[in-house]
Amino acid sequence: MNFPFLFKKEILDNLYNFRYGIILALSVLVIGTSIFTMYRDYCSRVENYLVLRPEGKEATAIIPPTPLSVFVKGLDENLCRSYEIDFLGISMGSSQQAVNRLFKLFTTPDLLYIIKIVLSLCAILMAYDMITREKENGTLKLILSNPVKRPALLFAKWLGGFTSFIVPILIVCLFSIAVVSLLPMVQFTWADYGKIGTFILTSILYLGIFFTLGLFISCLTARSVTSLILSLFFWTMIVFVVPNLGNSLSKQIIKTKSIEQLQFQQNMAWRKAVFNKVNNKSEGKMDFGWEQLTMAFQIEQNKQIKISETIAKCSPSGIFTLVASNIMGTGIDDQNRLKNHVWEYYNTVKDAPSDSDGNLTGDFPVFSYQRTKLTEVLSQNITSYAILLFFIALLFTGAYAFFMKYDLR
């Protein structure tokens, strides 16, 4: 038995497997539902933006939602909120473009969520018994009774199994992307297609980790039931426990004010400034100190986010979430860049005269912002990609080591 024969056998075994059909049907259903739901949400947010965008007489910073948020919504609601500038400083509006309140209760069902949760589970369920099932059926001993080397058999099973799993999913994703690109209100640029392609390749790398994990556990155990239990345990730890642990620990390490506390401090500073002005204790333009309070708040938040990111990157799921959202321009990096651009815009318009209501008056430049380029994202995440590749190499090496000593009895 040569390698091509073993590769073909693994693909055919999966194609005739009842579980494979269920996983494929589930993947098509959830991806199709996700694209439909997120496209409607995107269209509604675009309509809200058209209502909220300034017409040159308002000192307001707001950007439109990106069509890439159909696939990875990330922090796009926060990015697309309005920043209104008046005589007090910058007033950050709520997520006014968030129209589906159900997303506040349930997790946003974008393609990132589907790949990170649903398809990673499908990948590990495809691979958890690749070795144990063959052993229990007696076919593993039969195959190795022929002149077949164990490394060749292991690699053929991994490559054939992962190919049969990922190719149909890839076809469904590409078809969904093609459909979205033809829908009204969506206009992808060539740069957007480059980001989508990079996101798909990153997703394949991410799913490869879970498929290899399932193979590793199958080589580690003697029974399929044991392998399934261990696979689900590690999947839960990687996808849910470690990424969420980062948020919890960062809040304990860095104590930050809440938005309500910041607003209370700003109101107190405003009252103090007005009192001093009325009692002639200050001259010239009143300084409310809002800028200093907001900057201090953002510095504390950035420290907290940095710690959370570091802990989350201990998990492939955390790395995938951060990298994918940054690729599509809906991640933390773009949020930080946008805030810096808003401060620059504030410094250009803050000295304009204000009316009796405190609103700045005059002809203001339109606020503009370009999301992070793909080349910048890739250069900033080389380490993250190296870690993902390291996980696959480490798991496959472990599978190889255990399979070479695997007991066929």
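Select Thr321 first, which lies in helix α13 (residues 316–327); helices here are DSSP runs of H or I with at least four residues, strands are runs of E with at least two, and both are numbered from the N terminus. The model is a predicted one, in which local features need pLDDT of at least 70 and side-chain atom pairs count only at pLDDT 80 or more, while totals for chains, interfaces and linings use all residues. Residues are numbered from 1 along each chain as its sequence is written, and side-chain values use heavy atoms, with hydrogens and water left out.

Thr321 counts as partly exposed, at 23% relative accessibility. The classes are buried for under 20% relative accessible area, exposed for over 50% and partly exposed in between, with a 1.4 Å probe and protein chains only. Display the surroundings of Thr321: not counting residues up to four places away in sequence, Thr321 touches Leu112 and Lys116, where contact means heavy atoms within 4.5 Å. Next, draw a distance from Thr321 to Gly331; the two are ten residues apart in sequence, and their C-alpha atoms are 8.8 Å apart in space.

**The whole chain**

Zoom out and colour by secondary structure. The protein has 16 helices and three strands. Of its 409 residues, 48% count as buried. Among contacts between residues at least 6 apart in sequence, 80% join residues at least 24 apart.

**The sheet**

Select residues 60–61, 83–86 and 89–92, which are strand β1, strand β2 and strand β3. These three strands form an open sheet in the order β1-β2-β3, with antiparallel pairing. The edge strands, each pairing on one side only, are β1 and β3. Two strands are taken to pair if DSSP finds at least two bridges between them. There are two bridges between β1 and β2, and four between β2 and β3.

Move to Ala59, in the loop between α2 (18–52) and β1. Is Ala59 buried or exposed? Ala59 is buried, with a relative accessible area of 5%. Leaving aside neighbours within four places in sequence, its contacts are Tyr83, Glu84, Ile85, Tyr345, Val349, Leu360 and Phe364. The C-alpha atoms of Ala59 and Glu84 are separated by 6.2 Å, although the residues are 25 apart along the chain.

**The nonpolar cores**

In soluble globular proteins, nonpolar side chains tend to be buried together. A nonpolar core is defined as a set of buried Ala, Val, Leu, Ile, Met, Phe, Trp, Tyr and Cys residues joined through side-chain atoms within 4.5 Å. Select Ile31, Phe71, Phe165 and Phe199, which touch the most other members among the 80 residues of the largest such core. Helix α9 (residues 190–220) supplies the largest share of this core, 14 residues.

Centre on Ile31 and show its surroundings. Beyond neighbours within four places in sequence, Ile31 is in contact with Leu111, Ile114, Leu119, Ile169, Val172, Cys173 and Ser176. A second, separate core has 19 residues, among them Ala61, Leu79, Val349 and Tyr369.

**Aromatic rings**

Show Phe, Tyr and Trp side chains. Rings, including the six-membered ring of Trp, pair if their centres lie within 6.5 Å; planes under 30 degrees apart count as stacked, over 60 as edge-to-face and the rest as tilted. The count comes to 21 aromatic pairs. One is Phe188 with Tyr193, edge-to-face because the planes stand at 70°, with centres 5.6 Å apart. Phe188 is buried at 12% relative accessibility, whereas Tyr193 is partly exposed at 35%.

Tyr206 and Phe210 are also edge-to-face, with centres 5.0 Å apart and planes at 70°. Both lie in helix α9, four residues apart, about one turn of the helix, and both are buried.

Next select Phe3, Phe7, Phe155, Trp158, Phe162, Phe165, Phe211 and Phe396, which form one aromatic cluster. Finish at Arg150, which lies over the face of Phe403, 5.7 Å from the ring centre; the rule requires NZ of Lys or CZ of Arg within 6 Å of the ring centre and within 35 degrees of the ring normal.
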